[in-house]
Amino acid sequence: LLLLASLTAVPMVSAQALTVQTDKDTYGPGETVVIFGTAAPGATIVVKVYDPDGTWVASLQTTAGSTGQWSTSLKLPASLPYGMYKKYGVYTVEASDGLRTVSTTFEFRSIAVVTGVVVDENNEPLADVKVYIKGTAYETTTGSDGKFTLSAEVGPAILVFEKSGYVTVEKEVSIQVGENSVGTVQMKSFLSYIKELEDQIK
């Protein structure tokens with residue numbers, strides 16, 4: 001009975017679960033990936049990052065605080081290839097405390113932004129024009145000032161501008177990392193377009 005009493009008097013200490021996650025699911029060139037999680041207080045955490053092919057690209061080390069929280073960060077290159085970074089895609093992050101290993105993933109994408117302004121035949125701003133990249137899910141609409149900002153991926157693309165009552169416009173662009181301005185895009189109403197055709201026939 002005395003032995004049992006002694007055992008029950010000893011507090012049970014449970015090791016805090018080892019976890020890892022990133023502050024976002026998707027990152028673009030030049031962005032910083034914040035990696036964080038939980039572990040046993042004071043534990044040394046080794047973080048390894050692997051590219052879509054499973055090739056090691058980076059290692060980081062940090063220590064869990066008194067509450068078991070830990071964090072570190074990784075700066076992604078502004079362009080590829082760069083050093084060990086060879087391609088875009090889904091990267092794997094592994095965190096280990098020497099006893100356990102857990103992992104998560106994030107996507108490294110060649111994100112860019114396309115900007116511009118859409119006007120009518122009188123050079124007045126056109127609102128609510130649907131702007132999208134052909135063959136993709138990237139799309140947006142113009143504001144009351146005719147301006148738009150559209151996320152995109154790097155490479156050749158076809159921008160499409162659509163609005164009810166207006167002739168659809170397609171514009172070929174070569175998108176680079178960062179901001180890409182296409183300037184002013186003019187759309188003609190069907191009435192204006194038909195009038196131009198009639199004037200040409202006369």
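Reader: Which residue in S5 stands opposite Ile45?

Author: Thr62 in S5 stands opposite Ile45. Please keep in mind that this is a predicted model, where local features need pLDDT of at least 70, side-chain atom pairs count only at pLDDT 80 or more, and totals for chains, interfaces and linings use all residues. Residues are numbered from 1 along each chain as its sequence is written, and side-chain values use heavy atoms, with hydrogens and water left out.

Reader: What makes S2 and S5 stand at the edges?

Author: The open sheet has 5 strands in the order S2-S8-S7-S4-S5, with mixed pairing. Strand S2 (26-27) and S5 each have a single partner strand, so one side of each is left without a neighbour in the sheet. Inside that order, S7 and S8 pair in the antiparallel sense over 8 bridges, with Val93 opposite Thr104 in S8.

Reader: Why is Thr38 called buried?

Author: Buried means under 20% relative accessible area, exposed means over 50%, and partly exposed lies in between (1.4 Å probe, protein chains only). Thr38 has a relative accessible area of 16%, so it is buried. Thr38 sits in strand S3 (residues 32-38).

Reader: What joins the side chains of Thr38 and Thr19?

Author: A polar contact of 2.8 Å does. The term asks for a pair of N or O atoms within 3.5 Å; within protein, one must be able to donate a hydrogen and the other to accept it, and residues adjacent in sequence count only if both atoms are side-chain atoms. A polar atom of the Thr38 side chain also lies 2.8 Å from the backbone oxygen of Ala17.

Reader: Which residues have the most contacts inside the largest nonpolar core?

Author: They are Ile35, Trp70, Leu74 and Phe106, in a core of 23 residues. Such a core is a set of buried Ala, Val, Leu, Ile, Met, Phe, Trp, Tyr and Cys residues joined through side-chain atoms within 4.5 Å. Another core lies apart from this one, with 21 residues, among them Val129, Leu150, Val182 and Val185.

Reader: How do you know that Glu170 forms a salt bridge with Lys134?

Author: The rule wants a side-chain nitrogen of Lys or Arg within 4 Å of a carboxyl oxygen of Asp or Glu. For Glu170 and Lys134 the closest N and O atoms are 3.1 Å apart, so the pair meets the rule. Glu170 lies in strand S14 and Lys134 in the loop between S10 and S11, so the pair ties together parts that are 36 residues apart in sequence. Glu170 is partly exposed at 46%, and Lys134 is partly exposed at 44%.

Reader: How many salt bridges does the rule give?

Author: The count comes to 7 salt bridges. One of them joins Glu31 and Lys24, whose closest N and O atoms are 3.0 Å apart. Another joins Glu107 and Arg109, with 3.9 Å between the closest N and O atoms.

Note on methods: Helices (H or I, at least four residues) and strands (E, at least two) are DSSP runs, numbered from the N terminus. Two strands pair if DSSP finds at least two bridges between them.
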